Amino acid sequence: MAKNVLLVDDSSTMRKIVSRSLRQAGLDFGDIFEAGDGLEALDVLEKEAVDIVLSDINMPNMNGIEFLREKSGRDGIKDIPVFMISTETGDDIIGEAKSLGAVGALKKPFTPDKVNEVLGPFM
Amino acid sequence: MPPIERYITEATLEVFATMIFIDIIPGEPLKGQNDGIDSNLTSMIGLAGDLQGVLAVHCPETAALGITGAMLGMDVAAIDDDVRDAIGEIANMIAGGLKVALAESDIATELAIPTTVLGKAVRTSGQAGVFRFIVPFASPVGDFGIELQYVLH
């Protein structure tokens, strides 16, 4: 069954690129929702049937780490898997993201092949 | 001293090869004020930590439009929010590549959120003792430059 995806990034360009990369990677996905920061993402998760979240880390208002922390405390949405998509690839920040529930990370810049490799097993 | 100019060049080549699909050719880094890049749009991102400074992407209009069009897979006719956002994201990814390279030399940096300004030949300036260089790049959509102004602690 096709998965519904939520893209969280303050860059509308990056949301378009990730969306295109999902298509180019040949992954089976359904609806694609978008949010510009963690606050908007929480709002979308409360209202829509989202199966997987792809989130940037470095964002205004609520960053990716704060988003994970807030999401982990909300019963209805805490188990939705989150992948971090970011230039932030240090062990410390990715380790913190994983300790808060992130299931994987994709480093920007990326190719559709890399998207397939990282996300394929979850789609 | 880590080879920071090379890190910038390599990070830029990686971004263009993986996400923009435009062949670019780096030139020799320029350290004077007269860099010859006639930019209309500049995206900047602040760096903090062991290396403090500003990384800036300087583009003439033709390059900004061509790069954004290639990035989004569509024709872009004028500088708009998409162009500002796209060049800002390029600054973000190049700074991210620099951060990763510096981390291998135990130099920790943090990235701010990019800011894009429109204006002719915008350049950064800092206090005395700040290092500054621009790596020029040639591309089919026009020349552009990546500037780094920094202090290494």
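The buried residues of helix 1 of chain B pack against helix 1 (12-24) of chain A and, within chain B, against strand 1 (25-26), helix 2 (61-72), helix 3, strand 6 (131-138) and strand 7 (144-152). The model is predicted, and local features need pLDDT of at least 70, side-chain atom pairs count only at pLDDT 80 or more, and totals for chains, interfaces and linings use all residues. Residues are numbered from 1 along each chain as its sequence is written, and chains are lettered from A in the order in which they are written. Helices (H or I, at least four residues) and strands (E, at least two) are DSSP runs numbered from the N terminus; contact requires C-beta atoms, placed from the backbone, to lie within 7 Å.

The buried set in helix 1 of chain B comprises Ile4(B), Tyr7(B), Ile8(B), Thr9(B), Ala11(B), Thr12(B), Val15(B), Phe16(B), Met19(B) and Ile20(B), a residue being buried if 20 or more other C-beta atoms lie within 10 Å of its own. Just after this helix, Phe21(B) adopts a positive phi of about 60 degrees.

Helix 1 (residues 4-20) and helix 3 (residues 81-103) of chain B have axes that come within 9 Å and cross at roughly 130 degrees. Axes are lines fitted to C-alpha atoms, for helices over the stretch in contact, with angles from 0 to 180 degrees between N-to-C directions. Helix 1 of chain B is therefore oblique to helix 3 of chain B; angles under 35 degrees count as roughly parallel, over 145 as roughly antiparallel, 65 to 115 as roughly perpendicular and the rest as oblique. From helix 1 of chain B, Tyr7(B), Ile8(B), Ala11(B), Thr12(B), Glu14(B) and Val15(B) meet Ile90(B), Met93(B), Ile94(B), Gly97(B), Leu98(B), Ala101(B) and Leu102(B) of helix 3 of chain B.

Helix 2 and helix 3 of chain B pack at about 85 degrees with axes 9 Å apart, and are therefore roughly perpendicular to each other. Ala64(B), Leu65(B), Ile67(B), Thr68(B), Met71(B) and Leu72(B) of helix 2 of chain B contact Asp82(B), Val83(B), Ala86(B) and Ile87(B) of helix 3 of chain B.

Ser43(B) lies in strand 2 (residues 41-49) of chain B and is buried, with 25 other C-beta atoms within 10 Å. Beyond neighbours within four places in sequence, the contacts of Ser43(B) include Ile87(B) and Ile90(B). The C-alpha atoms of Ser43(B) and Leu152(B) are separated by 22 Å.

Terms used. Contact = placed C-beta atoms within 7 Å. Buried ≥ 20, exposed ≤ 12 C-beta atoms within 10 Å, placed from the backbone.
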